[in-house]
Amino acid sequence: SPVVAFKGVKVGDFGGRTLSLVSSSTMTFHPDIPEAHALQGWYSSEGQSFNFKSQSTGGGGGGGPTNFRREEMKTLQAVKDENLGMNDEGKPDFFTSRATVIHIKGDNIMYPACG
């Protein structure tokens, strides 16, 4: 179980406590600081036997129920393969998606605005 340290994050209260990384934030796995070593030592010696209550409330993103049934989960490829939102009856299909950005191309991340 890694120790993860955050610095310079924005703390929010929407749907429980949230931490948001901003451009000046840092996130470090296994940081080499005394507090991280103490936490890891405590967890290894006794903390792993504790039962912790989850602090996540699964706060929702824009407009949709936050509770779901696992058997209804689909990949985005399955949504595409099933042509959801493309039916002939003109009825919309609603779903919520959650994704993680794994790469941001840095060479042209910004463009000049018209002015």
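# Close-up views of a predicted model

**View 1. Ser25 in the loop between β3 and β4.** Ser25 sits in the loop that joins β3 (18–20) to β4 (26–29). The model shown in this and the other views is predicted. With a relative accessibility of 13%, Ser25 counts as buried, because the limit for that class is under 20%. The side chain of Ser25 has two polar partners to look for in this view. One is the backbone oxygen of Gly8, which the side chain of Ser25 reaches at 2.5 Å. Another is the backbone nitrogen of Val22, which lies 2.8 Å from a polar atom of the Ser25 side chain. Which residues does Ser25 contact once its neighbours within four places in sequence are left aside? They are Lys7, Gly8, Val9 and Ser20.

**View 2. His30 in the loop between β4 and α1.** His30 is placed in the loop between β4 and α1 (34–45). Is His30 buried or exposed? His30 is exposed, its relative accessible area being 56%; the class begins over 50%. The backbone at His30 also deserves a look. The phi of His30 is positive, about 50°, although His30 is not a glycine. Most residues other than glycine have a negative phi.

View 3. The structure contains 2 aromatic pairs. In the pair of Trp42 and Phe50, the ring centres are 5.8 Å apart and the planes meet at 45°, so this pair is tilted. Ring pairs join Trp42, Tyr43 and Phe50 into a cluster. Trp42 is partly exposed at 32% relative accessibility, and Phe50 is also partly exposed, with a relative accessible area of 42%.

**View 4. The salt bridge of Glu82 and Lys74.** How many salt bridges are counted in the structure? The count comes to 1. Glu82 and Lys74 form a salt bridge, and their closest N and O atoms are 2.8 Å apart. Glu82 counts as partly exposed, at 43% relative accessibility. Lys74 is likewise partly exposed, its relative accessible area being 45%.

How values were computed:
Residues are numbered from 1 along each chain as its sequence is written. This is a predicted model: local features need pLDDT of at least 70, side-chain atom pairs count only at pLDDT 80 or more; totals for chains, interfaces and linings use all residues. Side-chain values use heavy atoms; hydrogens and water are left out. Helices (H or I, at least four residues) and strands (E, at least two) are DSSP runs, numbered from the N terminus. Buried means under 20% relative accessible area, exposed over 50%, partly exposed in between (1.4 Å probe, protein chains only). A polar contact is a pair of N or O atoms within 3.5 Å; within protein, one must be able to donate a hydrogen and the other to accept it, and residues adjacent in sequence count only if both atoms are side-chain atoms. Contact means heavy atoms within 4.5 Å. Rings of Phe, Tyr and Trp (its six-membered ring) pair if their centres lie within 6.5 Å; planes under 30 degrees apart count as stacked, over 60 as edge-to-face and the rest as tilted. A salt bridge is a side-chain nitrogen of Lys or Arg within 4 Å of a carboxyl oxygen of Asp or Glu.
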